[in-house]
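Please open the model in your viewer and keep the selection panel at hand. We will go from stop to stop, and at each one you will be told what to select and what to look for.

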Amino acid sequence: MSEFKKAHCLFEQSGTFKNEFIKLGIPAEDYDLQNEFGQTDHITDIFEHIDNAYRGGQSLFDEIHQDEIIMAFFPCTYFECQSQMFFYGSNFNIIKKPIEEKCEIAMERHKKLSLFYETLCKLVIVCIERGLKLVIENPYSQPHYLNTYWCVKPKIIDNDRTENGDYYKKPTQYWFIGFEPRNNLVFEPLEYVEKRTIAGKSVEGVGKTTARSMIHPQYASRFIKQYILENYNSFENYKGE
């Protein structure tokens with residue numbers, strides 16, 4: 001059912017995609033700097049690993065093979081529209097500050113944006129040079145820095161994640177490196193999921209920022225079946241239950 005022998009989920013500490021891969025018979029591990037959910041298999045600085053791999057040093061990528069897949073939920077902090085409002089000086093937290101202070105804040109934020117952008121590019125280069133399969137996830141809120149200033153274009157844009165069983169409508173985009181997304185049909189019925197809003201409260205013992213990045217297991221399962229697995233036929237599986 002799948003050409004992939006293992007899945008490596010970078011920047012995922014919730015275990016959501018990891019556990020759905022495992023349910024579908026694909027061993028999987030989570031890599032992140034935090035472990036709020038008790039699901040992180042490798043607590044490590046992924047930015048450091050990406051930079052080491054790009055420079056030819058030792059890294060976690062040395063242990064990833066061409067018949068495996070990487071899912072990277074790359075941090076969007078400096079790419080999405082709220083971040084760009086800091087450069088405009090219109091973010092709620094700084095709108096009343098004097099111009100000189102806004103400029104100081106903008107310069108510092110631009111340095112961090114540059115680091116994130118360079119690291120993302122290095123990740124893509126490392127995977128291409130090593131022949132590794134990579135899927136990158138990031139929001140599709142507009143304006144989004146990557147949609148305007150990146151040479152890599154998303155292969156999938158999901159404008160309403162609730163249609164595939166997620167908590168949030170939150171538009172999301174996916175880049176595929178080293179392979180093309182599948183086009184499998186998923187006929188399995190959706191289970192009801194209570195909708196959440198981006199401005200909602202903290203849930204499941206985590207803060208609001210972490211909660212906003214959470215993905216429902218049902219959505220993760222359907223994404224894997226529809227776009228990752230090779231020749232998945234949910235209609236045949238459903239008939240056999």
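Begin by selecting Phe21 in this predicted model, and then show its surroundings: leaving out residues up to four places away in sequence, Phe21 touches Ala7, Cys9, Ile26, Ala28, Ile69, Met71, Ile224 and Ile228. Two of these names return at once, for Phe21 and Ile228, together with Phe17 and Phe61, are the residues with the most contacts inside the largest nonpolar core, which has 56 residues. The largest share of this core, seven residues, is supplied by helix H4.

Next, select helix H4, residues 99-130, along with helix H2, residues 46-54, whose axes come within 9 Å and cross at roughly 55 degrees. The two helices are therefore oblique to each other, and H2 passes H4 in a left-handed crossing. To see where they meet, display Phe47, Ile50, Asp51, Ala53 and Tyr54 on H2, and on H4 display Leu115, Phe116, Thr119, Lys122, Leu123, Ile125, Val126 and Arg130.

For the last stop, select Trp150, which lies in the loop between helix H5 (145-149) and strand S6 (156-158). Is Trp150 buried or exposed? Its relative accessibility is 3%, and because buried means under 20%, Trp150 counts as buried. Now show its contacts beyond the neighbours within four places in sequence, which are Tyr117, Leu120, Cys121, Val124, Ile136, Tyr145 and Trp175. Finally, draw a distance from Trp150 to Tyr117: although they are 33 residues apart along the chain, their C-alpha atoms are separated by 8.8 Å.

How values were computed. Residues numbered from 1 in each chain as written. Predicted model: local features only at pLDDT ≥ 70, side-chain atom pairs only at ≥ 80, totals over all residues. Heavy atoms only, no water. Axes fitted to C-alpha atoms, helices over the stretch in contact; angles between N-to-C directions. Helix = DSSP H or I, 4+ residues; strand = E, 2+ residues; numbered from the N terminus. Parallel < 35°, antiparallel > 145°, perpendicular 65-115°, else oblique. Left-handed = near helix turned anticlockwise from the far one by under 90°. Contact = heavy atoms within 4.5 Å. Buried < 20%, exposed > 50% of the residue type's maximum accessible area, 1.4 Å probe, protein only. Core = buried A, V, L, I, M, F, W, Y, C linked by side-chain atoms within 4.5 Å.
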